[in-house]
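Reader: I am new to reading protein structures. Could you walk me through some features, one by one?

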Amino acid sequence: MQAARKWHGLATAGSILALLGGLAAITPASVAAATVHKCPNKTIVITDTTSEGVNHIPMPIKAITTQGIGCTGAYKFFSALFSPSSTTSAGVTPEKYKCVIAKFKAPVGLVPEACTKPGIKIQFAVQGG
């Protein structure tokens, strides 16, 4: 009878350890999933100075999803990306992000893009051209 009690105690301890191991395996995935944000659409106004005057061009940005950064940080990135004084014309994005054409469902007439740097990903859709 004593041997049966020992095995019963070991089986209970083993079950508890297995449960804790399963919980530890699930926890990192749930933490990573919690950092994804869907942000409201944003319209950035681009100011372009020409010989004829100053033009204000609205640039709608839609389907904004971020990971590892909040919506405010994404909007700050968009302001730097689409400002006329940015270095994007030289092929370098602001804050050392790498931007590519992405593969996700974007609204009709817009081009899906993704900009990433270690630990941060911003997906959005803008007018192409």
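Reader: Let's start with phenylalanine 77 and tyrosine 97: are both buried or exposed?

Author: The general idea is a scale of relative accessible area: buried means under 20%, exposed over 50%, and partly exposed in between, with a 1.4 Å probe and protein chains only. Here, phenylalanine 77 and tyrosine 97 are both buried. A word on the source: this is a predicted model, where local features need pLDDT of at least 70, side-chain atom pairs count only at pLDDT 80 or more, and totals for chains, interfaces and linings use all residues. Residues are numbered from 1 along each chain as its sequence is written, and side-chain values use heavy atoms, leaving out hydrogens and water.

Reader: How many aromatic pairs does a search of the whole structure find?

Author: Rings of Phe, Tyr and Trp (its six-membered ring) pair if their centres lie within 6.5 Å; planes under 30 degrees apart count as stacked, over 60 as edge-to-face and the rest as tilted. The search of the whole structure gives three such pairs. One of them joins phenylalanine 77 and tyrosine 97, a tilted pair with 4.4 Å centre to centre and 50° between the planes.

Reader: Which parts does that pair tie together?

Author: Helices (H or I, at least four residues) and strands (E, at least two) are DSSP runs, numbered from the N terminus. Phenylalanine 77 belongs to helix α2 (residues 71–82) and tyrosine 97 to the loop between α2 and β4 (98–101), so the pair links parts 20 residues apart in sequence. Phenylalanine 78 and phenylalanine 124 make an edge-to-face pair, 4.8 Å centre to centre with 70° between the planes. Because phenylalanine 78 is in helix α2 and phenylalanine 124 in strand β6 (residues 120–127), this pair ties together parts 46 residues apart in sequence. Both phenylalanine 78 and phenylalanine 124 are buried. Phe77, Phe78, Tyr97 and Phe124 form one aromatic cluster.

Reader: And which residues does valine 126 touch?

Author: Contact means heavy atoms within 4.5 Å. Not counting residues up to four places away in sequence, valine 126 touches Met59, Pro60, Ile61, Phe82, Leu110, Val111 and Glu113. Valine 126 sits in strand β6 and is buried, with a relative accessible area of 2%. Its C-alpha atom is separated by 5.4 Å from that of valine 111, 15 residues apart along the chain.

Reader: What is the phi of alanine 63?

Author: Most residues other than glycine have a negative phi. Alanine 63 has a positive phi, near 50°. Alanine 63 is found in strand β3 (residues 53–67), and its 26% relative accessibility is why it counts as partly exposed.
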